[in-house]
Structure formats: C-alpha cells, structure tokens
Number of protein chains: 2
Amino acid sequence: MHQDRVRRSDLRDLVVSAEEAARLIKDGMTVGMSGFTRAGEAKAVPMALAERARTEPLKITLITGASLGNDLDKTLAEAHVLARRLPFQSDPALRKAINNGEVMFIDQHLSETVELLRSRQMGPVDIAVIEAVAITEEGGIVPTTSVGNSASFAILAEKVIVEINLSQPAALEGLHDIYIPTHRPAREPIPIVAPQSRIGLPFIPVDPGKIAAIVITTKLDSSSSVLPPDAETRAIAGHLTEFFLHEVKKGRLTERLQPLQAGIGTIANAVLHGLIDTPFHNLTMYSEVLQDSTFDLFDAGKLDFASGSSITLSAAKYQVVLPELPRYKQRLILRPQEISNHPEVVRRLGIIGINTALEFDIYGNINSTHVGGTHMMNGIGGSGDFARNAYLSVFVTKSTAKDGFVSSVVPMVSHVDHTEHDVDLVVTEIGLADLRGLAPRERARLIIANCAHPAYRDALSDYYRRALARGGHTPHVIEEALSWHAKLRECGSMQSEPASVSAQSLAG
Amino acid sequence: MHQDRVRRSDLRDLVVSAEEAARLIKDGMTVGMSGFTRAGEAKAVPMALAERARTEPLKITLITGASLGNDLDKTLAEAHVLARRLPFQSDPALRKAINNGEVMFIDQHLSETVELLRSRQMGPVDIAVIEAVAITEEGGIVPTTSVGNSASFAILAEKVIVEINLSQPAALEGLHDIYIPTHRPAREPIPIVAPQSRIGLPFIPVDPGKIAAIVITTKLDSSSSVLPPDAETRAIAGHLTEFFLHEVKKGRLTERLQPLQAGIGTIANAVLHGLIDTPFHNLTMYSEVLQDSTFDLFDAGKLDFASGSSITLSAAKYQVVLPELPRYKQRLILRPQEISNHPEVVRRLGIIGINTALEFDIYGNINSTHVGGTHMMNGIGGSGDFARNAYLSVFVTKSTAKDGFVSSVVPMVSHVDHTEHDVDLVVTEIGLADLRGLAPRERARLIIANCAHPAYRDALSDYYRRALARGGHTPHVIEEALSWHAKLRECGSMQSEPASVSAQSLAG
C-alpha cells in the first residue's frame with residue numbers, strides 16, 4: 001500500500017487515521033505545521049484537532065510557514081484551538097479572534113521564525129505535522145507545493161506526523177532544495193549566488209525514529225484568492241514598467257532587470273504579469289510565493305528561472321500547471337522560507353522587491369498590516385526580509401480604498417512596518433514616486449504630486465504646508481498627524497466628500 | 001619630505017596646501033569624505049572649503065562615513081556649504097540647518113550608502129577626500145582611525161585628495177581590512193565567519209593616477225563626547241547583565257555570549273563597560289565604533305577581539321591607547337562600514353546588538369532619531385543594520401528625559417525607526433522587558449510594568465486600558481496616540497506634574 005509514496009518499508013506500519021495521529025497533540029503543545037501561502041499545508045490532522053476540541057479542552061501554539069488553505073485557520077479559530085499563532089495568517093475568522101484578543105498572534109519576518117526556534121529563544125516545538133508527496137528510502141520527507149518552515153519544524157520537533165497527500169503530483173519530488181544554516185556563531189556563508197543555485201537536499205532529512213504517525217490524504221490545495229488584473233493594477237504595472245525602461249536607458253539596469261520578488265496578492269501579481277508585454281527578457285525570480293504570473297511569464301518566454309518557497313495558483317492555472325510540472329521543473333526550485341527570504345541572499349543577489357502597502361505616508365513610511373493603526377490584516381510576511389535588503393524596494397497600492405472613502409496616502413501612517421529608509425519607490429495607479437536619495441521634504445512633495453488621489457491631494461498639500469511652517473526634518477502637525485484615521489473611525493470616511501473613483505477616471 | 005608617509009615617490013610632487021587642494025572642489029559637486037563617529041575625518045580641506053565659501057558661491061553634496069569631528073559639520077553648515085548631507089551627523093549647528101530645511105539630509109542605514117553609489121542609484125562622487133597615515137609604494141591609501149566609506153569613495157570618485165595626517169600614529173598601518181563586495185547580481189558571499197576574519201587588503205587600492213592632491217596635516221581627532229557611567233546607566237547595565245546570566249543558565253548563551261555590537265553614545269558604552277565585573281569572558285565585538293569600553297574590556301582581560309569601522313575615544317583614553325596601539329593591534333580590525341554593518345555578516349555571526357532609543361512605545365516600536373516626531377537628532381546610523389539581523393536586538397534608554405518632563409516610554413512613538421519586529425529587549429534604569437515571542441498585548445503589559453518610570457506608569461496603564469476596550473491586535477486610542485507629544489510641544493511637559501527623577505530614587 002502506497003509503496004511508491006512511503007518508500008521506507010518499516011514506516012508503513014505507522015499509517016493511521018487523522019484522528020489517531022491528532023491524538024499525539026496534547027493540550028498546551030507547540031505544533032509546527034507545513035503550509036505557506038495556502039500551499040502544502042497539512043490538511044487532515046488539523047481538521048481532526050478542531051473536531052476533538054468540541055469535546056475536550058485543547059489549546060495549542062500553532063506555528064506555520066505562512067497562511068493556510070482549506071479554511072484551516074478559520075476552522076481552528078472557530079474551534080478555539082489556537083492560543084498562540086505565528087508568524088502569518090490571512091483568514092477573516094482568525095483575524096477576528098486576533099483582533100478581539102482571543103488569539104495571541106506574533107507577527108514575524110518570515111525568515112526569522114526558525115532562527116528563534118533553533119536558538120531556543122522560542123519553542124520548543126513538540127510536534128511537527130508535515131504534508132509530503134513521499135517518504136524516501138532513507139526516511140527523508142519530500143514536501144509538496146511549499147517548503148515554508150517544514151524542514152526546521154521536522155528537524156527540531158520531538159515527534160513528526162507526516163501527511164502523505166496522494167493528490168499532490170509525484171513529480172513534485174526533485175523540486176525542493178533543503179538547506180539548513182549551521183549553528184551560530186560558527187555559521188558558514190549560505191552558498192547561493194544565483195536564483196538557480198542548488199545547495200541542499202531534495203528532501204527533509206529527519207531521524208526516521210521521530211516519525212510517529214503517517215496519515216494518507218487526498219485533498220487538493222485551495223486555489224489562490226488573487227483577483228485578475230484590473231484597470232488600476234494595470235496602471236500600476238505600467239508606471240513601474242516605464243520606470244524600469246528609464247533605468248535601462250540610464251544604464252542602471254539591463255533588460256534582464258535583477259532577480260524579482262513579488263509579495264502575495266492581486267497587485268503584486270498584476271505587476272509581474274505586466275512584464276509580459278515589455279522588452280524585458282531572460283528574467284529570474286528569487287521570491288517567496290510563485291503565483292499565476294510566474295507561469296504566465298514562463299509561458300511567454302520571459303522568465304528563465306524562478307526560486308520560491310511555495311506555488312500558489314488560481315484554480316484555472318492549477319489545472320494547467322500541475323499536470324505539466326515536469327515541463328517547468330528544470331526552471332523551478334522551492335526552498336525553506338528562511339532561505340528564500342534570507343537577508344544575506346536578498347542583499348547578495350540585488351533583488352527588485354515588489355510588495356503591497358495598506359497605506360503609506362507623505363514621507364514614504366509604509367503600513368502593511370494594521371487597518372486604522374490597530375486591527376491586524378494578515379501580517380508583515382516576507383516584505384521586511386526583502387524590502388530592507390533589496391536593490392530596489394518597491395511598494396504598490398491603489399490610491400484609495402473603500403470606494404474612495406479612504407486615502408492610501410496619508411499625512412502619517414497609523415502603523416509602521418517599513419520605515420522610509422527601506423522604501424525606494426511608491427506606486428499607485430495615479431503615478432510613481434522615485435524616493436532614492438531624497439530628503440523627507442523632497443519626498444513629501446513628490447508623493448503628494450505623483451501618487452495621491454486628486455480627491456485627497458489638496459488636503460495633503462494643506463497638511464504639509466502647515467507642517468512645514470513648524471519646521472523639522474520630517475515636518476508634522478503632530479496633533480493632527482493621525483486625524484485622518486480618527487475621522488475614518490468616527491465617520492467612516494477620511495474626508496467630507498468621498499473621492500469619486502472609477503477605474504476609468506483614474507487609469508484612463 | 002615625508003618619505004615614510006608618501007612612499008610612492010612620483011606622488012610626492014602632488015603635495016599642496018589645503019587651500020589649493022580645496023580648489024579642485026567646485027560648486028555643485030558631490031564629495032565623499034572620510035570620517036566616522038568623529039574619527040579619521042579629512043580635517044584641512046573641508047576647513048579651506050568653508051573659508052572659500054565666504055567669497056564665492058559654493059554648495060556641495062557631502063557624503064561621509066558618519067559624524068565628523070573637529071566641528072567640521074558645524075563649520076561647513078555655518079558657511080552654508082552643504083546643500084545635501086548624508087548619511088549621518090551629530091552636530092547641533094548642522095542639525096539646526098537640517099531642521100529648518102536649509103540642508104537636505106538623507107538619513108540612511110550606514111551599510112547602504114555605498115551600495116547606492118556603486119549601483120549608480122546615487123552619485124556620482126566627483127571627488128573623494130580621505131585622511132591617511134600613508135600612501136604605499138603601490139599608491140594604496142592607508143586610512144587612519146576610521147575606514148567608514150573611504151574605500152568606496154576613493155574607488156568610485158573621479159579624483160582623490162589625500163590628507164596625510166602626521167599626528168596619526170604610523171602604527172595604524174596594518175589595522176585595516178579593506179574588502180569591497182563584487183558587483184551584483186554575480187556577487188560572491190562575504191567570507192567573514194568570525195570577528196577576526198581578515199578577508200581584504202591593509203590599504204585602499206586606487207589607481208594612483210586619480211590622486212590629484214596630497215595635503216599634509218597634523219590635527220588630532222576630536223575626543224568622544226561620551227559621558228562616564230552614572231547611576232542610571234549602571235542600572236541599565238545591571239539589568240542586562242542579569243538577563244545574560246539568566247540566558248546562560250537556560251543554555252541559550254554561553255559565558256562568551258555572542259559577538260557584541262554597541263551603538264555610539266553614553267548608554268551603550270556604559271552597558272559594555274558594565275561587563276567588566278561579570279563572569280563573562282573571552283568576549284568578542286563585531287561593531288561599528290570602538291569606544292572607551294572596548295579598551296577597558298581588553299585591559300580587564302575580558303575581550304579577545306574587536307572588529308569595527310572606527311576608534312573613537314575620550315581624551316584621557318586616547319592618550320593611553322594610541323601610543324600603545326602595537327599592543328592592541330593583533331586584536332583589532334577596522335573595516336569598511338559596509339562590512340562592519342553588513343546584514344549578511346550580522347545575521348551569520350549572531351550578534352547581540354545594543355543600541356540607544358530616544359523613546360519607545362508600549363508595543364516596542366523604537367524612535368531613534370526624531371525629537372517630537374519631527375526634529376532630527378543624529379540619524380538612524382547603523383542601528384537598523386544590526387537590530388534587524390541580530391541574534392538579540394536590545395534597545396536601551398533612560399526612562400525619562402528633560403528632568404522628568406518627558407517619558408521615554410509613550411503610548412505610540414512619534415516616529416518609527418525600528419518596528420516591533422526588530423526589537424527583542426527594551427531596557428531602562430527601571431527594568432528590562434523581554435519581548436521575544438510575545439504578542440503586542442503581552443508586550444504592552446510588560447513594558448509598562450517593567451520599563452516605564454513610576455511617574456508615568458498610571459497614565460500609560462490608563463491609556464492602554466482604554467485602547468484595549470476598542471480592541472485590535474495593537475490597541476490604540478488613535479486620536480490620543482500622539483497626544484503626549486502634542487502636550488510636550490505645547491506645555492513643555494508630557495504630564496501635569498513633572499516626574500520626580502533623581503538618579504538615587506530610581507537606581508537605588
């Protein structure tokens with residue numbers, strides 16, 4: 001039974017039901033589960049865990065790679081299983097539990113979680129639950145559509161539960177490159193010098209004696225929730241393309257650009273998609289999540305190689321790409337998120353990092369996470385890993401939200417995830433501001449003129465003019481700096497008259 | 001004449017007066033000058049430049065390593081020579097010119113400036129002015145008490161002016177390790193695996209044909225402005241020592257700790273000094289500035305090796321250390337600031353980074369730079385390079401400032417330089433908060449209880465209680481979040497009654 005999937009014969013006796021495996025997880029434990037951007041999460045054991053929580057008290061600390069698919073975070077949150085959750089999530093029900101204080105959420109740079117576990121500054125991890133396509137003859141675990149933190153979870157945990165997912169194509173084997181940095185302070189350089197560098201093993205090496213249970217599953221990954229490009233995201237992509245062309249003309253970039261990273265989500269995906277109809281060629285990606293746009297770029301003959309930590313696709317794309325995996329495989333690597341997002345590698349390769357902002361301020365500080373300065377959306381994810389060390393750090397967003405009642409460009413962001421030091425370009429559908437080498441006062445003028453929605457431009461200029469009268473390197477009217485957010489909270493709008501925002505009027 | 005200092009004979013004809021050399025610098029040029037934390041700055045040419053500005057229009061962009069000594073930034077600011085200044089400064093007169101908008105100041109991570117110059121995203125550098133102890137037979141430039149950005153300035157600039165400082169001891173030669181990362185994206189790993197790794201040359205390699213003038217000088221470096229430890233800084237050091245001992249007991253650190261970094265300034269210096277009377281031993285430093293405490297630790301037999309980008313000492317220490325340099329030399333390296341602060345190396349070595357905050361908030365966000373959220377103090381310096389990638393990121397400050405009228409712990413910082421993601425410990429003389437693995441609500445309770453001054457504790461608790469009632473991952477009363485700063489601006493105090501703060505009552 002499943003001899004090709006559980007190739008080490010002495011482990012085949014460990015196959016049990018999800019319920020039985022879940023029983024290894026006790027109240028109060030810290031559990032590390034596979035799963036990164038809705039790809040490759042363990043699917044059966046967490047459902048069994050949620051079920052069990054109906055009849056007995058059960059609270060765990062759940063650490064993953066990033067967000068989970070198949071409504072797992074929703075199910076676990078609604079079953080009140082989660083005492084603590086890290087380092088990222090994107091589920092509305094869990095978000096609610098985080099924001100009402102039921103779940104303690106620790107929002108971390110995605111490259112750092114396993115550093116903290118490895119140095120025992122967090123943890124220990126009691127049990128790892130890892131989705132796999134196979135267990136090798138040596139007992140090595142072959143991940144599925146994501147690596148995330150799975151390798152370190154399996155290596156550090158006392159016990160490992162493996163979910164063998166028969167629906168995940170066997171062709172995934174060979175795609176992964178598992179490399180774990182050595183202990184500090186005697187650590188060696190990470191030998192990646194290009195997106196295509198292979199430096200590790202195609203499986204997670206674990207002591208087979210730690211594998212405590214194997215569960216057979218068949219559920220597919222959820223499809224991505226990314227929306228197709230629209231007029232505004234196309235306008236954002238257009239501004240960025242124009243900028244890249246300008247940089248090529250200036251001799252600062254070549255038509256191969258630099259290795260590309262794009263954060264998860266509709267806008268970043270649309271920006272990458274926008275590179276199809278450009279003169280750029282022989283592109284590479286060194287990113288965390290590989291979305292539809294990666295495969296569109298492959299198919300368009302634009303992309304030579306893509307390195308990531310997961311593959312997260314729309315339903316339509318999934319059905320095309322997965323059966324064709326052998327065709328793409330030579331141009332793909334999936335790595336642990338510690339390596340896909342590693343500051344050392346990001347800085348060395350000189351990545352162009354494109355990430356999404358919730359809002360940014362007139363000085364280029366970015367809020368990626370907190371609605372109204374207080375309520376968690378998803379988490380910082382890998383944006384900090386990339387933005388800080390990128391060759392070019394780009395943040396994109398539409399200039400307004402909530403039907404124009406919210407301006408994405410504000411006097412002062414209500415929460416800072418990325419400081420102005422880490423932001424080179426900000427782009428909305430209105431335009432792009434190139435902030436490189438500019439002082440705050442220069443940034444403000446450019447951002448207001450180039451990026452703010454016309455409906456908010458005057459109010460921003462008025463604020464800046466009054467701030468300027470008070471002086472300072474970064475002028476503010478401090479008692480008014482967050483008044484736009486206070487007004488939004490009270491009146492549901494940042495201005496008296498809502499901005500008139502139709503995609504046509506903006507992008508046309 | 002100066003044959004031992006200008007060892008390449010064909011360059012000796014280039015010796016000219018400072019005035020003559022300064023004439024190479026034209027209005028509108030970008031000039032890269034040596035100097036890092038008041039050490040090793042070019043001393044004569046900038047003075048001549050300021051003098052010249054009395055009689056002719058002269059504005060330049062001045063890029064240095066970090067802050068300059070000998071009142072150079074003051075002199076240049078008062079002569080209105082500076083149109084643009086980066087990446088760091090610490091002079092009151094320049095600060096004033098920055099805050100009133102006369103000088104455009106670009107506040108950068110100290111490791112990043114030369115990346116931007118090398119990739120031509122800033123610049124070009126027209127002229128470099130570098131203080132040196134010698135020019136070698138090959139024409140290599142041997143820096144003095146700092147390396148800073150001098151190597152890249154000299155390599156990238158069209159012309160180089162060298163100031164040979166006869167007062168800087170010849171024994172400095174051999175101390176430096178000049179390594180320049182290769183071009184991206186084909187960059188190799190930086191091969192540093194320990195603070196004592198030597199990977200480069202003992203001089204800056206430049207095309208001798210670019211050396212356009214040599215000026216002979218004799219002025220000494222300014223002494224550091226660091227104050228001796230007081231009761232409060234001793235209390236901060238005490239809390240941190242206690243924490244380290246606890247970590248050793250838990251097996252997370254050894255008595256050798258991890259390589260240490262300490263930011264410039266009184267508190268960080270005092271914290272390092274505090275390690276003398278502890279069981280820790282065989283310590284190493286991988287830092288940017290080496291201050292008095294480094295040599296105190298050497299003399300106490302506590303420190304094995306120190307790597308930095310500059311040596312900045314008090315007058316008393318300077319007179320002891322400089323003549324004894326040969327004795328210390330085997331245990332010292334000075335590197336380019338790009339390398340001393342490089343994220344790749346900081347993460348690899350697992351550094352304990354200790355930096356100073358102006359203020360921090362109840363969630364652990366740090367303001368290092370902006371007084372009242374608007375007025376620049378010095379700049380972010382290297383704190384971001386270290387804090388983001390450190391094994392342990394520590395921020396220290398006294399719990400109050402301005403005779404107790406200002407609380408250093410506030411509801412929301414008025415400017416963010418380091419986000420909560422990058423902050424592991426915050427320490428005041430009151431106590432220490434260990435934030436590792438905690439959610440914002442847990443951080444707030446700990447910071448208020450452990451770090452806030454008693455005079456402000458109730459007001460912070462009251463704010464937090466009311467914020468909590470509104471919910472959110474990071475609760476705030478958004479319209480009040482910056483009210484403490486607004487009040488300070490209006491009334492000169494953050495509270496009705498000033499905190500009674502005597503060193504005795506706090507630290508006793």
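**A listed glycine and the pairing of two chains**

In this predicted model, G382(A) lies in the loop that joins β19 (375–376) to α14 (383–389) of chain A; helices (H or I, at least four residues) and strands (E, at least two) are DSSP runs, numbered from the N terminus. With a relative accessibility of 2%, G382(A) counts as buried, where buried means under 20% relative accessible area and exposed over 50%, with partly exposed in between (1.4 Å probe, protein chains only). Leaving aside residues up to four places away in sequence, G382(A) touches L110(A), E288(A) and N341(A), a contact being heavy atoms within 4.5 Å.

An unreviewed UniProt entry lists G382(A), together with N378(A) and K402(A), under "binding site"; its positions follow the numbering used here, feature names are shortened, and annotations may be inferred rather than shown by experiment. These residues span 25 residues in sequence and their farthest two C-alpha atoms are 25.6 Å apart, so they do not all gather at one spot. K402(A) sits in the loop between β21 (400–401) and β22 (406–407) of chain A, and at 64% relative accessibility K402(A) counts as exposed.

Now for the two chains.

Residues are numbered from 1 along each chain as its sequence is written, and chains are lettered from A and ligands numbered from 1 in the order in which they are written. Local features need pLDDT of at least 70, side-chain atom pairs count only at pLDDT 80 or more, totals for chains, interfaces and linings use all residues, and side-chain values use heavy atoms, with hydrogens and water left out.
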